[in-house]
Amino acid sequence: MFSEFDRSAMQRALALAARGLHTTDPNPRVGCVIARGERIVGEGWHERAGEAHAEVAALRAAGSQAVGATAYVTLEPCAHQGRTAPCTLALSGARVARVVYATADPNPRVNGRGAQALRTAGITVESGLLEQEARALNAGFIKRMQLGRPFVRVKLAMSLDGRSALADGTSQWITSEAAREDVQAWRARSSAVLTGVGTVLADDPLLNVRLAGAPRQPLRVVLDTHLRTPQGARLFGAGGEVLILTALASLDEARATALSARGARVETLPAAADRLELPAVLDRLGELEANEVLVEAGATLAGEFLRQGLADELLLYVAPKLLGPEARALVDLPALRELKDAPAYALIETHTVGADLRLRLTPAAPAA
């Protein structure tokens, strides 16, 4: 169905889409290539929300050469008026002959309508080329459109014997500087970085992106049932927005006002057993148009995300060190009665980062 050139053109479109990895939020990452025969005449990618979509940028680059050409797009072209005009109108207006897109747009305002609008305009439409690669690039956007929640990535660091800190809580630094720099890139692509108040009290983290030239800061989210976040916490001076989620039943108005004065946005959510309900947390972040959330938390909160089946991916850094049996466990999980009850994960990527190993894993069963 698809030629070798079709594949190479779509691979190029995916590479272009990845240039928006840190900037397109809350929009999807999209790339486009315009080709006449086997000659590329225009390229483009979506850089920022409110700016030109990938198809428009590529058509501008192609100019009159777009007439009769094929447009390769990583996501189904939009057919609705948003911050910008519909891409289907731009493609039909440029008189392209064929559109190949990798995956359908899960946005209800687009899904299937973009393809239909193009066919109505007399354009040949084909889909499904490198679909899995395109979906992986926009896993967060796709999940938010389909389920109303962001894609949750839980970051963990451990020793060879599965320990996260010494018995006294000392954990800086188990992993190498190269691994910590690598985490910065994962923060940069995330809509939000989430932690618990216990981590704020113990480590006083910044949770910001410290890469040179970082185009934006993710939302920093603190789950704080009793508003124990110190007014002098470093995250208040790290740039970007801080959202503190607390329990409605135990709201301390004076503490909330004081934290708001430090620049935090304080919101209340339901709680059970003295803990915020994590599904409600994710629902709220979905409402805030968060596509990807990076959880950087202690063993208790990280363990809750895993126990409740709310983690879509584990980002696990393994340091070549042994901390011994008295050191702290990686996550807090209920005791197992049988080995068959152990949560299982599929390894999707391994990568050496400095002296450490980075593993990416997904639940063997679909996350909630």
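This is a predicted model: local features need pLDDT of at least 70, side-chain atom pairs count only at pLDDT 80 or more; totals for chains, interfaces and linings use all residues.
Leaving out residues up to four places away in sequence, L223 touches L194, T195, G196, V197, L245, L276, L278, V281 and L301 (contact: heavy atoms within 4.5 Å). Residue numbers start from 1 along each chain as its sequence is written, and side-chain values use heavy atoms, without hydrogens and water. Local features need pLDDT of at least 70 and side-chain atom pairs count only at pLDDT 80 or more, while totals for chains, interfaces and linings use all residues.

Now widen the selection to the core. The largest nonpolar core has 35 residues; V154, L194, V221, L223, L285 and F305 touch the most other members. Such a core is a set of buried Ala, Val, Leu, Ile, Met, Phe, Trp, Tyr and Cys residues joined through side-chain atoms within 4.5 Å; buried means under 20% relative accessible area, exposed over 50%, partly exposed in between, with a 1.4 Å probe and protein chains only. Another core, of 22 residues, lies apart; C32, A94, V96 and I123 are among them.

Next, the sheet. It is open, with nine strands in the order 11-10-9-8-14-6-15-18-17 and mixed pairing (strands are DSSP E runs of at least two residues, helices H or I runs of at least four, numbered from the N terminus; pairing takes at least two DSSP bridges). Strand 11 (264–269) and strand 17 (345–353) are at the edges with a single partner strand each, so one side of each has no neighbour in the sheet.

Zoom in on strands 8 (192–196) and 14 (292–295): they run parallel, joined by three bridges. V193 has L294 as its bridge partner in strand 14.

Finish at Q184, in helix 7 (177–189). Q184 is buried, at 5% relative accessibility.
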